[in-house]
Amino acid sequence: MTSPAPQDLVVTQAMPEDWPVVRGWAVDEGWNPGLSDLPAFFAQDPGGFFIGRVDGTPVSAVSVVNYDAHYAFLGWYLVRPDLRGQGHGLATWKTALAHAGTRTVGLDGVVAQQDNYRRSGFELAYRTARFVGCAPVAGIPAGVRPARAADLPTVTAYDGVCCPADRPRFLAAWLTATGHRAFVRHDGDRLTGYGVIRPGHDCLRVGPLFADTAEDARALFTALMAEAAGRQVAVDVPETSTVGVALAEEAGFTPSFETARMYTGPVRDYALERVFGVTTLELG
């Protein structure tokens with residue numbers, strides 16, 4: 001897929017080898033992208049990543065990842081700073097959105113772009129705050145253990161309850177990516193939550209943190225902090241999760257910036273009350 005655009009911009013689907021330059025732009029914006037995220041991102045929808053070039057040089061990017069026939073997620077909306085205001089971003093955006101077809105599209109938008117997203121048909125669902133701080137020293141609570149390969153089917157089923165779409169290809173890569181550490185909590189044979197911590201450019205990142213109850217969330221959060229003890233950690237917490245906010249604040253974390261989860265239309269019912277930490281702002 002290609003699209004001609006202003007000032008000789010050409011937008012094409014991106015390959016994994018195209019994305020390190022985009023990741024560099026995200027670093028410059030202070031987004032703290034994960035160091036090993038890329039394989040999991042492309043595993044979900046290899047055709048959902050777009051890059052704009054002028055004379056062969058990358059100048060813009062956006063991803064629109066299709067999860068199923070009804071839902072897609074938009075992220076990585078970036079334009080090289082010295083070339084903003086020339087229409088490159090909008091042209092790339094339009095090409096990428098076409099990839100979603102008639103699906104409802106979600107995104108986590110920074111404050112500066114939220115009015116633009118509203119004009120493009122996105123409506124606010126809830127706000128999210130990124131909390132950052134030094135992980136306290138902790139031990140792994142009873143009932144929590146590192147995830148194993150055999151846990152993948154159960155974790156995938158649980159994850160589907162907590163998200164607007166199933167994402168088995170993403171999770172298969174996310175749980176096993178280099179540096180990613182996943183923990184699960186059980187009540188007998190029943191999974192009651194899971195969480196992942198991974199290395200980022202500036203600090204470790206938690207996501208997701210999904211759990212049945214406040215007790216489950218606290219136990220998983222404590223295990224993730226035990227994994228990160230003494231290091232800087234970031235977690236993106238929905239404003240709807242008073243427990244998630246409390247966990248971050250009790251750990252001494254402070255809010256650094258805000259985003260808004262927005263959708264272009266309806267999404268399937270899912271258990272937002274179980275979301276104590278968003279998986280990733282780039283893919284939902």
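Leaving aside its neighbours within four places in sequence, which residues is Tyr-194 in contact with? The residues are Val-155, Tyr-158, Asp-159, Arg-167, Leu-171, Leu-175, Phe-183, Val-184, Pro-208, Leu-209, Phe-210 and Leu-220, where contact means heavy atoms within 4.5 Å.

The structure is a predicted model, in which local features need pLDDT of at least 70, side-chain atom pairs count only at pLDDT 80 or more, and totals for chains, interfaces and linings use all residues. Residues are numbered from 1 along each chain as its sequence is written, and side-chain values use heavy atoms, with hydrogens and water left out.

**Nonpolar cores**

Tyr-194 is also among the residues with the most contacts inside the largest nonpolar core, together with Trp-19, Val-22, Phe-49 and Trp-76. That core has 38 residues. A nonpolar core is a set of buried Ala, Val, Leu, Ile, Met, Phe, Trp, Tyr and Cys residues joined through side-chain atoms within 4.5 Å. Buried means under 20% relative accessible area, exposed means over 50%, and partly exposed lies in between (1.4 Å probe, protein chains only). A second, separate core has 25 residues, including Phe-183, Leu-204, Val-206 and Ala-219.

**Aromatic pairs**

In the whole structure, a search finds 15 aromatic pairs. Rings of Phe, Tyr and Trp (its six-membered ring) pair if their centres lie within 6.5 Å; planes under 30 degrees apart count as stacked, over 60 as edge-to-face and the rest as tilted. Trp-19 and Trp-76 form an edge-to-face pair, because their ring planes stand at 80° with the centres 5.8 Å apart. This pair links distant parts of the chain, with Trp-19 in helix H1 (residues 19–28) and Trp-76 in strand E5 (residues 71–79), 57 residues apart. Helices (H or I, at least four residues) and strands (E, at least two) are DSSP runs, numbered from the N terminus.

The pair of Phe-41 and Trp-174 is stacked, at 6.1 Å centre to centre and 15° between the planes. Phe-41 belongs to helix H2 (residues 38–44) and Trp-174 to helix H6 (residues 168–174), so this pair ties together parts that are 133 residues apart in sequence. Ring pairs link Trp-19, Phe-41, Phe-42, Phe-49, Trp-76, Phe-170 and Trp-174 into a cluster.

| Residue | Relative accessibility | Class |
|---|---|---|
| Trp-19 | 1% | buried |
| Trp-76 | 4% | buried |
| Phe-41 | 0% | buried |
| Trp-174 | 0% | buried |

Ser-63 is found in strand E4 (residues 57–66) and is buried, with a relative accessible area of 0%. Beyond its neighbours within four places in sequence, Ser-63 is in contact with Gly-48, Phe-49, Phe-73, Leu-74, Gly-75, Trp-76 and Glu-282. Phe-49 and Trp-76 are also members of the ring cluster.

Ala-147 sits in the loop between strand E8 (144–146) and helix H5 (152–161). Ala-147 counts as partly exposed, at 31% relative accessibility. Apart from neighbours within four places in sequence, Ala-147 is in contact with Ala-182, Phe-183 and Val-184. The C-alpha atoms of Ala-147 and Glu-273 are separated by 22 Å, the two residues being 126 apart along the chain.

**Cysteines**

A search of the whole structure finds 0 disulfides, a disulfide being a pair of cysteine sulfur atoms within 2.5 Å. For Cys-162, the closest cysteine sulfur is in Cys-163, and at 6.3 Å this is too far for a bond. Cys-162 is buried, with a relative accessible area of 2%. For Cys-203, the closest cysteine sulfur is in Cys-134, 11 Å away and likewise too far for a bond.

Cys-203 counts as buried at 12% relative accessibility and lies in the loop between strand E10 (190–198) and strand E11 (204–211). Leaving aside its neighbours within four places in sequence, Cys-203 is in contact with Asn-32, Gln-232, Val-233 and Ala-234. Cys-203 and Pro-33 are 9.3 Å apart in space, C-alpha to C-alpha, and 170 residues apart in sequence.

**Helix H7**

Helix H7 (residues 214–228) has 15 residues and should span 21 Å at 1.5 Å a residue, which agrees with the 21 Å between its end C-alpha atoms. The expected span is 1.5 Å times one less than the number of residues. The buried residues of H7 are Asp-216, Ala-217, Ala-219, Leu-220, Phe-221, Ala-223, Leu-224, Met-225 and Ala-228.
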